[in-house]
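Please view the structure alongside the points below.

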Amino acid sequence: MIGIISYLAFFLTIALILAIAVLGLNLQWGFTGLFNGGIVAFFGAGAYGMVLLGGSERIDGFGGFGLPYPIALTGGIALAGILAVLVGIATTRLRHDYLAIATFGVAIALESLVRNAEFLTGGAKGLRGFERPFESVVNSNLGYNLLFLGFVVLCLLLVYGFLEILVRSPFGRLLRAVRENERAARALGKSPPGIRLTAFVLGSMIMGLSGALYATFYAFISPQDLAPILTFQIWAMLIVGGSGNNKGAILGTLVVWGAWVGSGWLLSTLAPSDWQLYAGSIQYILIGSIIVFSLLWRPRGLLPEKLSTHDYSTQLRQSTQQSTQQTTQQTTQQTTQQSQEIHTKPTEAT
Amino acid sequence: MTTKHPAVFRAGLAVNGLTAGYIRGMPIINDVSLTAKHGEIVAIIGPNGAGKSTLLKTIAGLLNVESGNVTLDGLGITGIRPDKLSQSGVAMVPQLENIFRTMSVQQNLRLAARRCQGQWRKPVDEMLRRFPMLAEKYKVRAGSLSGGQRQFLAIAMALVASPNLLLLDEPSAGLSPKAAQEVLGMLKEIARSHVSILMVEQNVKAALAVSDRAYILAEGRNQYEGIASELLNDPVLGQIYLGARRTEAHATESV
Amino acid sequence: MLQSLFDGILVGSILSLGAIGLTLIMHILRFANFSHAELISMGAYFTLTLDAMFAAISSTLVTQLPMLSVTISLVLAMLFALMITGILAATIDKLVFKRLREKAGPLTMVFASFGIGLIIRNVIGLVYGLKSTHYNSDIAFAMMLSSDPLLLVKADQLFILGITVVVMLGLHLFMSRTSVGYALRAISENPVLAQINGINLGAMVRLAWLIGGALATLAGVCYALNNQLSPVMGRDLVLSLFAAAIVGGIGSIYGAALGGLIVGLAGSLALLIIPTGYKPAVPFLIILLALYIRPNGLFGEEQ
């Protein structure tokens, strides 16, 4: 019995930690239409930031300042935010897939940095020596895990509440306006990259929180935790759950994480031993397939752009420049101009 | 090449109750109807945002039609792909970006003549004969031509496949008065070879001077129509432009 | 230094081949295809299989070309593989990406491409195994073309450069002299104008995928000759390919070719200064730099 509770607590803790990251992604994609191709970078920045600040002193490296947990946590979140600013400023005013490429790149670059900069990050060995908050106070292992689960639930609720408030705020309305009228807004010169940047950074910071909690739970972080597969898993969770919808995001997390853990267990028990090597590949194909098939057959789960019901293939067939010249604002301006010219000379060409 | 129908079917262009736009459910033109017979030059005028360009693009097959239809010489052409339409005698000269800047005059014409079923040389030579200034600049990059020359190239590209319907979106836009005159004057000559010409124009006087008939569009709907020479002095024109007079959604003026 | 330059140009040529297809698709369909690099892997592995098949059919085909490790069967295999990969690329588009762009928008395609890439990579791993392999297990010796400054060159590497030059030339002629080449350029430059001038958008899109797949195969074979075959070979090249396309300007074939060389050289020269472990970060830095300084790249148009 204790075993089951213990396992369930473990499963839920990880699932809900990941759910926080999915909420962050939902802010970026579901509310703002931004494609983050390197979620794991911000997750990792939060994790490493927190461990470096809050861990015990390192003999042969930077960090380990042993700062109090809340400060270390905030530091990790801030690091994720800084990374997001760096990438976001370059890309939020450009075509959307540049952000996808840049974030994908930052994840690769960060993983490479973390793996090699032994002094800074402990290299491939990772960072240990992190003392979990209140660990010395609680005696039983199970007790602590339950306590920590409670803490994670609290964080999740806080993030959820924050996002719900944000969506209903003026900022949230602005986000929706930008997302739904993206093309029109852009052609009218009203593209507000600042708003998108803010949403991107906030979302990334939430991912950083998730990473920091993850590192707290394991009291350890290493480059293995920054493997690209995490980005795909978080995306799959969001798609399955339905984006733009925070509740759906959490649900999706549980479903996909359950499928991941379940498939892993199935493969390890059922598959013959010489297949075990390929278990990972099979799981990756599973995630990839979830992504592709959900997109093909449940697109409603994913498309903020669908809300503007634009027909993309029509867009390919005509030019967007000219389409938005017909908006009413310009109409009223120029109609009055026009009427004055009709009965005078023919319009002089410039 | 164009299909040769018996004279009784050469009714020209007919647009019936066309409703279309860029985004489904948000049409820009509503219930628009017009005709343009062979050899006629028909102008479409109206204030900005009236949907005139949208109308042309819809006829050319570039946009989705929500309701209504378009026929050419009695054959329905609604919903046909733009490239297929251009092979069946429909040619369009868009307003902006109407030539391929990175390619030479020769390459532009050759490209436009691809739809002539493999026989590009003769039609291209014919265009060069008709537009001598293009022959001069044959190898020049189209992007470095002057505004007027580009416009002639765009028209040549439209004519190279001997269309029976020519759609022009503001052919005189951005041109000097002289070049504008030349372009519009050329249209009269083109019409004489039995091409239907449908032209959107901002330069109302010049448009009405060269056209046979005109339709006035505003807010995506038919507002008025008439013989071009009569419309020039009709006060209705000014009223529509100023917005003092607009048709309601269900009451359409018909002549 | 000279060796680094040579290595850089070599890697750069391989990147150029891969980036050309990527830049065309990115421009015409307006989406960043994260699975394009898997076409490189597929091309390389199909060649491996076909090579084994041809070798089994006739032992005369196993003769190596003079001085190279490349056999006639490998060349034949590559030619068949490039057709197969091209067709497969167009098919994936038809089954997945085309449906998505009709129902939704470009970002959904980007996202699907992540998933497709994941699937292809791992299927290759399941089919061919996770270990890296080579076309030819013999060790190829390098020739010392110069001792000071040191320049070691393998004959296969010259073959790679040769292929790249021939292909680039062929592409150039195709784009500048054939009717189909003009049509492709036209669709790339102005899809609306191209269509009203009688060019079939769907056909050109298919052509872009065919070309992309074929070039990716060549890139894959060259990469495998120079390094090795592994299921993750595509994934490791993705970022560099994007860097090449962005630096050159999305949509420009010449840009992608030049961009590939630049990225290849940058990576190679960077190794003179930074430890090897950091190499994966170099393309990212190039991308960031390009996006900050000149987002349209060298030859790109304003978007």
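Two residues are in contact if their C-beta atoms, placed from the backbone, lie within 7 Å. The model is predicted. On that criterion, 20 residues of chain B are in contact with 16 residues of chain C.

**Helix H6 of chain C**
- Helix H6 of chain C spans residues 179–189, and its buried residues are C:Tyr182, C:Ala183, C:Leu184, C:Arg185, C:Ala186, C:Ile187 and C:Ser188.
- What covers the buried residues of H6(C) includes H3 of chain B.
- From chain C, the cover includes helix H1 (2–28), helix H5 (155–177), helix H7 (191–196) and helix H8 (201–226).

**Sheet in chain B**
- Six strands of chain B form an open sheet with mixed pairing, in the order E6-E7-E8-E3-E9-E10.
- Strand E6 (90–93) and strand E10 (221–227) of chain B are at the edges with a single partner strand each, so one side of each has no neighbour in the sheet.
- On average, neighbouring strands of this sheet are turned by 15° against each other, direction ignored.
- Strands of a sheet pair through backbone hydrogen bonds, either parallel or antiparallel.
- E6(B) pairs with strand E7 (residues 165–169) of chain B in the parallel sense, over four bridges.
- B:Val93 has B:Leu168 in E7(B) as its bridge partner.

Technical notes
Residues numbered from 1 in each chain as written. Chains lettered and ligands numbered in written order. Predicted model: local features only at pLDDT ≥ 70, side-chain atom pairs only at ≥ 80, totals over all residues. Buried ≥ 20, exposed ≤ 12 C-beta atoms within 10 Å, placed from the backbone. Helix = DSSP H or I, 4+ residues; strand = E, 2+ residues; numbered from the N terminus. Pairing = 2+ DSSP bridges. Axes fitted to C-alpha atoms, helices over the stretch in contact; angles between N-to-C directions.
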